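New notebook page, new protein. I want a rough overview and then a look at a few helices.

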Amino acid sequence: MVASILYAALVFAVLVIVHEAGHFAMAKKVGVRVLRFSIGYPPRIFGFRRGETEYSIGATPFGGYVRMLGDEVGEDPKAEELTTYLHEIGLDIITAAREHKTLIRPSGFDEDLAVLADRMGAASPASIIGRELKTDEALLINEVRRQPKIEDAIKALADNPPAVLIESFRKRAFPTQSLGKRVLIVLAGPLANIAFAPLLLTLVFMIGVPTLLPVVGKATKDLPAAKAGLQIGDRILAVNDRPVETWADFSTTIKGGDGSPIKLEVSRQTGGKTVRQTIVIKPTRLDQKTIYGTNATTWVIGVQPSGAEIVKHFGPFGAVKQACSTSVELTTQMVVGIASIFAGSVPVRDALGGPIMIAQMAGREAHQGFSNLAMFTVMLSLELGIINLLPVPLLDGGHLLFFVFEGIRGEPLELRYREMMLQVGLFLLVALMAFVIFNDISRIVQG
């Protein structure tokens with residue numbers, strides 16, 4: 001079980017990094033300042049600063065976040081937000097000085113900034129930090145020289161911010177970006193998870209995937225295949241004169257038909273010899289449950305594979321094509337499955353699994369090989385992307401819903417309404433988590 005938990009943690013870490021990297025990359029692209037990129041939640045156990053962003057790992061796993069400059073949409077920055085911004089500006093100056101080898105041993109934020117401000121009084125900023133000061137950085141350095149303490153300088157600027165500081169803040173803050181830019185930043189997370197699926201699948205198909213051969217392992221009594229004489233060990237060579245190489249090809253052809261009689265070319269071992277036979281079978285309709293919990297009526301003949309398989313490799317172009325088509329197919333099935341849950345046609349208890357179930361599945365797939373674990377990761381990545389687009393507060397889809405209201409009204413939804421909706425969203429997510437964990441335990445108890 002410990003190994004399963006570790007594999008689940010690894011899968012979640014990858015998916016969180018992909019998701020948050022989507023938000024991060026888009027925020028940077030449109031000019032928003034990212035203060036922190038965190039894998040896991042506080043308390044922080046490790047981190048480092050690169051450029052204007054702190055990268056950290058939190059002690060609480062199974063999550064992560066990207067913290068951007070600014071808090072509330074459509075409001076002027078509060079003194080607390082400006083204090084944070086000025087502190088970040090000070091860190092920018094200190095980081096630049098360290099990269100320029102002006103500061104070798106860090107002493108602390110206040111001490112380092114005071115030393116740099118003093119040095120810049122006698123020498124050019126470029127000789128201290130390797131470049132000229134930006135406007136907001138020059139404001140801070142000048143105020144530091146005038147005040148006895150660093151905190152007094154930051155407080156003075158935050159309490160009575162010059163127009164140039166407000167302008168600098170608004171230019172880099174998330175809430176003051178245009179509606180279109182904010183939509184792109186929020187949307188980038190789920191889309192990163194969805195786009196990650198074909199990328200990982202391409203790698204999987206190039207490395208090679210275990211592929212079931214079209215060899216019969218069981219012919220169910222009283223169904224068409226058994227009645228027509230199909231036997232265990234028969235290898236399907238062609239369906240209606242079209243060659244088949246895998247069990248998936250064979251199954252897709254049967255299920256995608258219109259119920260008309262099909263002609264199978266099979267090879268069979270008889271008396272130590274391999275003989276070819278032609279068998280005509282008329283499929284029958286049967287209700288089956290998909291892996292996503294939905295019911296589907298399909299054409300079947302009543303056979304199961306033997307389990308014989310080969311590792312199938314794809315070239316780069318073939319891998320990309322197969323990865324894209326597989327991703328589209330999985331996404332479609334997941335959307336239909338989620339819709340069925342909301343429509344009530346699929347029992348929620350059968351359709352939903354929680355962290356315990358995910359850990360069990362991750363461990364099982366990992367023991368079957370990289371390809372299986374990667375396919376499991378692909379499915380979770382797609383599910384994470386799709387679910388995050390649902391219009392539920394606290395999810396990315398909930399923020400997009402706020403943006404829709406803002407687009408219709410011409411101004412952001414009032415803060416009190418946003419807070420109420422976020423509280424409802426939090427309650428729903430906590431209730432859902434409690435339900436799926438209880439559901440997982442029930443499955444274990446019931447065997």
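Before I start on helix pairs, a reminder to myself: an axis here is a line fitted to C-alpha atoms, for helices over the stretch in contact, and the angle runs from 0 to 180 degrees between N-to-C directions. Also, I am working with a predicted model.

Entry 1, the overview. I counted 16 helices and 12 strands in the protein. I checked burial next: 40% of the 447 residues count as buried. Then I looked at contacts between residues at least 6 apart in sequence, and 65% of these join residues at least 24 apart.

I picked α5 (residues 135-146) and α6 (residues 150-159), whose axes come within 8 Å and cross at roughly 125 degrees. I noted the crossing as right-handed.

Which residues meet there? From α5 I listed Leu 139, Leu 140, Glu 143 and Val 144; from α6, Ile 150, Ala 153, Ile 154, Ala 156 and Leu 157. Sorting the residues of this contact gave me 8 nonpolar, no polar and 1 charged.

I tested the length of α14, residues 370-388: at 1.5 Å a residue its 19 residues should span 27 Å, and the end C-alpha atoms are 26 Å apart, so the two agree. I also looked up which residues of α14 are buried, and among them are Leu 373, Phe 376, Thr 377, Leu 380, Ser 381 and Asn 388.

Terms used:
Residues numbered from 1 in each chain as written. Predicted model: local features only at pLDDT ≥ 70, side-chain atom pairs only at ≥ 80, totals over all residues. Heavy atoms only, no water. Helix = DSSP H or I, 4+ residues; strand = E, 2+ residues; numbered from the N terminus. Expected span 1.5 Å × (residues − 1). Buried < 20%, exposed > 50% of the residue type's maximum accessible area, 1.4 Å probe, protein only. Left-handed = near helix turned anticlockwise from the far one by under 90°. Contact = heavy atoms within 4.5 Å. Nonpolar A, V, L, I, M, F, W, Y, C, P; charged D, E, K, R; others polar.
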